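Me: I would like to learn how to read a structure like this one. Can we go through it step by step?

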Amino acid sequence: MTEMKPVTEATAVKAPVLPDAQTVTDVKHWTDSLFSFKVSRPASLRFRSGEFVMIGLLGDNGKPLLRAYSIASPSWDEELEFYSIKVQDGPLTSKLQHIKPGDQIILRPKPVGTLVHDALLPGKRLWFFATGTGFAPFASLLREPQTYEDYDEVIITHTCREVAELEYGRQLIENIRQDEMLAELMGEGFADKIRYYPTTTREESPKMGRITDLLKDGTVFADMGIEGGIKPETDRGMVCGSLAFNLDIKEILEEFGLREGANSEPKEFVIEKAFVG
Ligand SMILES: Cc1cc2nc3c(=O)[nH]c(=O)nc-3n(C[C@H](O)[C@H](O)[C@H](O)COP(=O)(O)OP(=O)(O)OC[C@H]3O[C@@H](n4cnc5c(N)ncnc54)[C@H](O)[C@@H]3O)c2cc1C
Ligand SMILES: NC(=O)c1ccc[n+]([C@@H]2O[C@H](COP(=O)([O-])OP(=O)(O)OC[C@H]3O[C@@H](n4cnc5c(N)ncnc54)[C@H](OP(=O)(O)O)[C@@H]3O)[C@@H](O)[C@H]2O)c1
């Protein structure tokens, strides 16, 4: 019989620890191509709602395989949430989509980004324009108290191909409306400022079409009872989608007289890519 030895520091086999490792606490799959997950938050990490960080896993070559990810949780939250695509042959997400609670991911604690309140001049109505996973930074900003302190109205448009791809955003907004802790933090009735405008392009839903087309033909303004469209004096915009989407929205906002801003030079709208390619 093998003698049982007490486990001491010398005999214990330590699980390999990744550099900048954080532990996965929750994973939720929304569709075949979308999932969200939460990880522990490094005690030292400070970020502004709307910013992104580099996250990833160890690659087969033993080196970190990192990609940019918007933090979907607000700056005050104890955990960090992410909303992710699953690209079947994607170097990172072909693996990342299989994470489970207790697993570790790498998170470089250097948040950056332009979708932040600091990059906009004061205004009255804030527009969030998202396609696909471009909803992620707005999932953070929709739970950020400053959003409601600074604006009278917050309009979130989300365009996806199919109805199921809207579900993460739809549930998030529904939960914000019902969350008593958020109401305490942000003031009773804060959620009445949110106006949600989801659209689909390839599956039947109550509102069909690309948001760009619905802006150009005035449908959005008619639906929302907004007279005179978007105005540089009152309206501010944040945009997050594919490169083509971002360019199209930029052109539309500029036609309305808004100018693109940056952290160093706040103006009327800001843009971030939801992905490259
Ligand atoms: C500033 C920034 C923030 C980002 N934030 C997020 C985020 O919050 N959530 C997220 O899922 N991705 C985000 N991305 C994209 C992310 O960095 C990766 O591209 C994605 O995780 C796929 O990685 P991959 O290695 O599997 O495939 P990659 O080799 O990176 O991508 C392969 C191809 O998949 C497509 N693709 C990649 N990402 C997406 C996407 N998000 N939506 C639709 N198609 C995509 C593109 O066609 C791309 O060429 C962000 C990118 C940038 C630049
Ligand atoms: N989502 C899926 O079901 C799916 C399935 C297979 C492969 N993929 C691949 O995954 C990648 C990303 O797919 P995705 O659906 O997440 O992102 P996406 O192609 O950027 O489309 C997301 C939404 O944005 C709309 N859109 C795209 N470009 C626009 C523009 N210039 N102006 C206004 N609206 C615009 C799309 O409308 P339109 O439908 O009109 O383009 C769609 O409703 C692509 O490379 C795609 O081939 C996705």
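**Reading the model**

Reply: Start at the ligand: a polar side-chain atom of Thr212 lies 3.5 Å from a nitrogen atom of ligand 2. That is a polar contact, a pair of N or O atoms within 3.5 Å; within protein, one must be able to donate a hydrogen and the other to accept it, and residues adjacent in sequence count only if both atoms are side-chain atoms. The protein covers 67% of the 850 Å² of accessible area that ligand 2 has on its own. Such areas come from the Shrake-Rupley method with a 1.4 Å probe; for residues, only the protein chains shown count as cover.

This is a predicted model: local features need pLDDT of at least 70, side-chain atom pairs count only at pLDDT 80 or more, and totals for chains, interfaces and linings use all residues. Residues are numbered from 1 along each chain as its sequence is written, chains are lettered from A and ligands numbered from 1 in the order in which they are written, and side-chain values use heavy atoms, leaving out hydrogens and water.

Me: Which atoms of ligand 2 lie 2.8 Å from the side chains of Arg161 and Glu165?

Reply: For Arg161, an oxygen atom of ligand 2 is 2.8 Å from a side-chain N or O atom. For Glu165, the ligand atom at 2.8 Å is a nitrogen.

Me: How do I read a salt bridge?

Reply: Side chains of opposite charge can pair when their charged atoms come close. The test is a side-chain nitrogen of Lys or Arg within 4 Å of a carboxyl oxygen of Asp or Glu. The whole structure has 16 salt bridges. In one of them, Arg125 pairs with Asp235, with the closest N and O atoms 2.7 Å apart. Arg125 lies in strand β7 (residues 125-131) and Asp235 in strand β10 (residues 235-241), so the pair ties together parts that are 110 residues apart in sequence. Strands are DSSP runs (E, at least two residues), and helices are too (H or I, at least four), numbered from the N terminus.

Me: Is Asp235 buried or exposed?

Reply: Buried means under 20% relative accessible area, exposed over 50%, partly exposed in between (1.4 Å probe, protein chains only). Asp235 is at 0%, so it counts as buried. Arg125 is buried too, at 12%.

Me: Which residues of α4 are buried?

Reply: They are Tyr168, Gly169, Leu172, Ile173 and Ile176. Seen down the axis of α4, they fall within an arc of 125 degrees, so they line one face of the helix. The arc is that of the directions from the helix axis to the C-beta atoms.
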